[in-house]
Amino acid sequence: MSAETSAVPGQFTRRRLQFRVWRGNRPFWAGLYVMLGGFPIMYFPYVHIKLGGLTVAMATTAGAGSLIIGVLLVVLGLTLWFQQHVRVFAGVAAILLALVSLPVSNFGGFIVGFLFAMLGGAMAVAWAPAKSGGQPAETVTETDAGAPGDVLPEADHQPHEANDLSGASPVYGANGRHSAG
């Protein structure tokens with residue numbers, strides 16, 4: 001067996017398809033952009049750029065704040081990948097940290113880190129899991145519900161989405177919001 005022998009034929013294709021399925025079930029690009037936004041924010045305050053014989057130091061008095069913001073953005077990006085049910089919290093936190101990085105960290109990593117973190121945070125807030133491939137979502141129309149005061153028919157009490165942790169079904173309206181219990 002030589003060093004040029006490749007792995008089992010089709011293994012690369014199988015791994016690529018597994019990665020595609022994994023990536024499709026979470027806000028992958030949002031997490032990547034949030035992480036990419038964290039790196040320039042925490043890098044630039046600690047770098048010394050040499051231009052010929054001239055050394056340009058970007059260090060600020062808020063270097064520790066820049067490091068904390070950058071590390072938090074990287075952690076939020078990983079959270080978006082592996083804990084996608086907290087995507088709204090992580091997205092809003094990424095947007096707030098990007099805004100805080102403007103005055104704290106050299107204009108948000110010279111605007112590059114700021115833009116990546118803002119874009120990733122917005123994508124995380126806007127991302128929604130794909131509908132299950134089985135049945136289409138049930139919709140209640142005015143003719144189905146009857147008069148405005150009628151009670152909706154009882155349906156199964158199972159959440160319609162795998163990532164829905166509320167235990168309430170959208171069939172009952174507002175996904176459990178505005179309820180007293």
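Two aromatic rings count as a pair here when their centres lie within 6.5 Å. Keep that cut-off in mind, and start by selecting Phe19, Trp22, Phe28, Trp29, Trp81 and Phe82: ring pairs link these residues into a cluster. What you have open is a predicted model, and this tour goes through it stop by stop.

**Stop 1: the whole chain**

Zoom out and colour by secondary structure. The protein chain holds 7 helices and 2 strands. Starting from the N terminus, its elements follow the order α-α-β-β-α-α-α-α-α. The chain has 181 residues, and 28% of them count as buried. If you display contacts between residues at least 6 apart in sequence, 65% of them join residues at least 24 apart.

**Stop 2: the aromatic rings**

How many aromatic pairs does a search of the whole structure find? There are 11. Select tryptophan 22 and phenylalanine 82 to see one of them: the ring centres are 5.8 Å apart and the planes stand at 50 degrees, so this pair is tilted. Tryptophan 22 belongs to helix α1 (residues 11–24) and phenylalanine 82 to helix α3 (residues 63–82), so the pair links distant parts of the chain, 60 residues apart.

Now move to phenylalanine 44 and phenylalanine 110. Their ring centres are 5.0 Å apart with the planes at 70 degrees, so this pair is edge-to-face. Phenylalanine 44 sits in the loop between α2 (28–43) and β1 (48–51), while phenylalanine 110 is in helix α5 (residues 106–110), so the pair ties together parts that are 66 residues apart in sequence.

**Stop 3**

Most residues other than glycine have a negative phi. Phenylalanine 110 is not a glycine, yet its phi is positive, at about 55 degrees. Its relative accessible area is 36%, which makes phenylalanine 110 partly exposed.

Step on to isoleucine 111, where phi is near 70 degrees, again a positive value in a residue other than glycine. Isoleucine 111 lies in the loop between α5 and α6. Is isoleucine 111 buried or partly exposed? At 38% relative accessibility, isoleucine 111 counts as partly exposed.

**Stop 4: the nonpolar cores**

Next, select Val34, Ile69, Leu73, Leu76, Leu80, Ala94 and Leu97. These are the residues with the most contacts inside the largest nonpolar core, which has 15 residues. Helices α2, α3, α4 (87–104) and α6 (112–126) each supply at least two residues of this core. Which helix gives the largest share? That is α4, with 5 residues.

Setting aside neighbours within four places in sequence, leucine 76 contacts Val34, Ala90, Ala93, Ala94 and Leu97. There is also a second, separate core of 5 residues, which includes Phe28, Met35, Met42 and Trp81.

Then centre on isoleucine 69, found in helix α3. Its relative accessibility is 6%, so isoleucine 69 counts as buried. Not counting residues up to four places away in sequence, isoleucine 69 touches Ile41, Leu97, Val100, Ser101 and Val104.

**Stop 5: helix against helix**

Two packed helices are described by the angle between their axes and the distance between the axes. Show α2 and α3. They pack at an angle of about 165 degrees, with axes 7 Å apart. Angles over 145 degrees count as roughly antiparallel, and α2 and α3 are therefore roughly antiparallel to each other. Their crossing is left-handed. Residues making the contact include Phe28, Val34 and Met42 of α2 and Ile69, Leu76 and Trp81 of α3.

The crossing of α2 and α6 is left-handed. Among the residues that meet are Trp29, Tyr33 and Pro40 in α2 and Phe114, Phe116 and Met123 in α6.

Note on methods:
Residues numbered from 1 in each chain as written. Predicted model: local features only at pLDDT ≥ 70, side-chain atom pairs only at ≥ 80, totals over all residues. Heavy atoms only, no water. Phe/Tyr/Trp six-rings, centres within 6.5 Å; stacked < 30°, edge-to-face > 60°. Helix = DSSP H or I, 4+ residues; strand = E, 2+ residues; numbered from the N terminus. Buried < 20%, exposed > 50% of the residue type's maximum accessible area, 1.4 Å probe, protein only. Core = buried A, V, L, I, M, F, W, Y, C linked by side-chain atoms within 4.5 Å. Contact = heavy atoms within 4.5 Å. Left-handed = near helix turned anticlockwise from the far one by under 90°. Axes fitted to C-alpha atoms, helices over the stretch in contact; angles between N-to-C directions. Parallel < 35°, antiparallel > 145°, perpendicular 65-115°, else oblique.
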